[in-house]
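Here is a short report on one structure. Take a look at it before reading on.

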Amino acid sequence: MRLWCAFGLLMLTIGIAVADSSEECNGSHESCKDGGSGGDGGESASRCKNKPDGTILPSYDCSMFVVCEGEKELEEACRPLGTMFDPERVVCDYPENVKCWEGDLCSGKPDGTVVPSDNCEYFVVCQDGRLGEEHKCVPDGTLFDYQRGVCDHPANVICWGSDGPNTCEGKPDGALAPSMDCSKYVVCRGGEKDEEVQCLPDGTVFDHVREVCDYPENVECWEPGSGGGNGDSNSTTAIPPTRPPLDGEIPKDICKGLIIDILPHPTDCTKYVVCVMGQPTVESCDEDEIFYPSIGVCGYGNTETCEGDEKWLMSYLAKHNIKSDI
């Protein structure tokens, strides 16, 4: 019997590089929260209070950092693109050299807010201003994009604490793929990044469509979600999230507004719909089983008439100590 009881579901450019613009925290941004700094999880407070101007603090987004000015938090982006903030060394460096700050991502967040997990296959739902349940992305093979807050195919996803999508996925050994830094490219091996190479001569950048280094005026730089550098700039898209084709009998919005839930299939009692981050996946019960919407599990029943088996149901309720008027 297939049973669903619960859903186990990054400044080094030879100095500090400052962003072209800064964002003053207004209390709603993640980095304004007092989580992970010894706060009591209550009202949000500026971490720059009583700190001298120029103090540098980590942001919840590892690709950014916070500069204190007038006891206010101003957020700056790491440069060059693709570097991340290391709170121990207080520099922006390349991801492989960085350990991102692990603040409490749920501090000050409303219930139901989704935040990244350490494992990109999972995400966490906030509860009472703290990290709550961890859930696995569905369908299988999708990953959680912390910037968009959705589960999507790997080629479209930027994982928490990573340098971006794996642009070498599915490519043969020796293939060239784009880097997050347009002045460089990646050599692939085993479907993963093997080596990052600087474009030559100096001043040239990598064109992911033609897979050559050329002068900037001739180049279309790669951006996450614009394709994996396979010559087809429309091969993938980051917006909206993509997924395999759905059962034609499933309304596209059946999971709208739902973070985690299990719903009955609208036309087939031997199937059910798993909702994760508003995206539906159809699953089937085992042979000779039907889905019981009232308890959210598959169990013995008549697959022709969709009538439940009262004896099985009572036994299940008793076994799991479930009180019900079913």
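## Aromatic pairs

The model is predicted, and it holds six aromatic pairs. One of them is formed by Trp312 and Tyr316. The ring centres of Trp312 and Tyr316 are 5.2 Å apart, and the planes meet at 20 degrees. Planes under 30 degrees apart count as stacked, so this pair is stacked.

Both Trp312 and Tyr316 sit in helix H1. They are four residues apart, about one turn of the helix. In general, an α-helix has 3.6 residues a turn, so residues three or four places apart point the same way. Trp312 is buried, at 17% relative accessible area. Tyr316 is buried too, at 7%. Together with Tyr292, Trp312 and Tyr316 make up one aromatic cluster.

Which residues of H1 are buried? They are Trp312, Leu313, Tyr316 and Leu317. Viewed down the axis of H1, these buried residues fall within an arc of 130 degrees, so they line one face of the helix. They pack against strand S20 (289-292) and S21. The other side of H1 has exposed residues: Glu310, Lys311, Ala318 and Lys319.

The N-terminal end of H1 is capped by Asp309. A side-chain oxygen of Asp309 lies 3.2 Å from the backbone nitrogen of Lys311. Just after H1 comes Asn321, with a positive phi of about 55 degrees.

## Disulfides

Now to the cysteines. A disulfide is a covalent bond between the sulfur atoms of two cysteines. How many disulfides does a search of the whole structure find? The search finds nine.

Cys182 lies in the loop between strand S12 (176-178) and strand S13 (184-189), while Cys221 lies in the loop between strand S16 (212-214) and strand S17 (260-264), so the pair ties together parts that are 39 residues apart in sequence. This link is left-handed, with -90 degrees about the S-S bond. Is Cys182 buried or exposed? Cys182 counts as buried, at 18% relative accessibility.

Cys199 and Cys213 are joined by a disulfide with an S to S distance of 2.0 Å. The torsion about their S-S bond is about -70 degrees, so the disulfide is left-handed. This pair links distant parts of the chain, 14 residues apart. Cys199 is in the loop between strand S14 (192-198) and strand S15 (205-207), and Cys213 is in strand S16. Cys199 counts as buried, at 0% relative accessibility. Cys213 is partly exposed, at 26% relative accessible area.

Cys269 and Cys306 also form a disulfide, with their sulfur atoms 2.2 Å apart. The link of Cys269 and Cys306 is left-handed, with -80 degrees about the S-S bond. Here too, distant parts of the chain are linked, 37 residues apart. Cys269 is in the loop between S17 and strand S18 (271-276). Cys306 is in the loop between strand S21 (297-300) and helix H1 (310-319). Cys269 is buried, at 16% relative accessible area. Cys306 is partly exposed, at 38%.

Why is strand S3 (residues 64-69) described as largely enclosed by the rest of the structure? Five of its six residues are buried, so the rest of the structure largely encloses S3.

Strand S2 (residues 56-58) runs antiparallel to S3, and three bridges join the two. Leu57 stands opposite Val66 in S3. S2 and S3 form a hairpin, with five residues between them.

S3 also pairs with strand S4 (residues 72-77). That pairing is antiparallel and extends over six bridges. Val67 stands opposite Leu74 in S4. The hairpin of S3 and S4 has two residues between the strands. In this hairpin, Gly70 takes a positive phi near 60 degrees. As a general point on strands, the side chains of a regular strand alternate between the two faces of the sheet.

Terms used:
Residues are numbered from 1 along each chain as its sequence is written. This is a predicted model: local features need pLDDT of at least 70, side-chain atom pairs count only at pLDDT 80 or more; totals for chains, interfaces and linings use all residues. Side-chain values use heavy atoms; hydrogens and water are left out. A disulfide is a pair of cysteine sulfur atoms within 2.5 Å. Buried means under 20% relative accessible area, exposed over 50%, partly exposed in between (1.4 Å probe, protein chains only). Rings of Phe, Tyr and Trp (its six-membered ring) pair if their centres lie within 6.5 Å; planes under 30 degrees apart count as stacked, over 60 as edge-to-face and the rest as tilted. The arc is that of the directions from the helix axis to the C-beta atoms. Contact means heavy atoms within 4.5 Å. A polar contact is a pair of N or O atoms within 3.5 Å; within protein, one must be able to donate a hydrogen and the other to accept it, and residues adjacent in sequence count only if both atoms are side-chain atoms. Two strands pair if DSSP finds at least two bridges between them.
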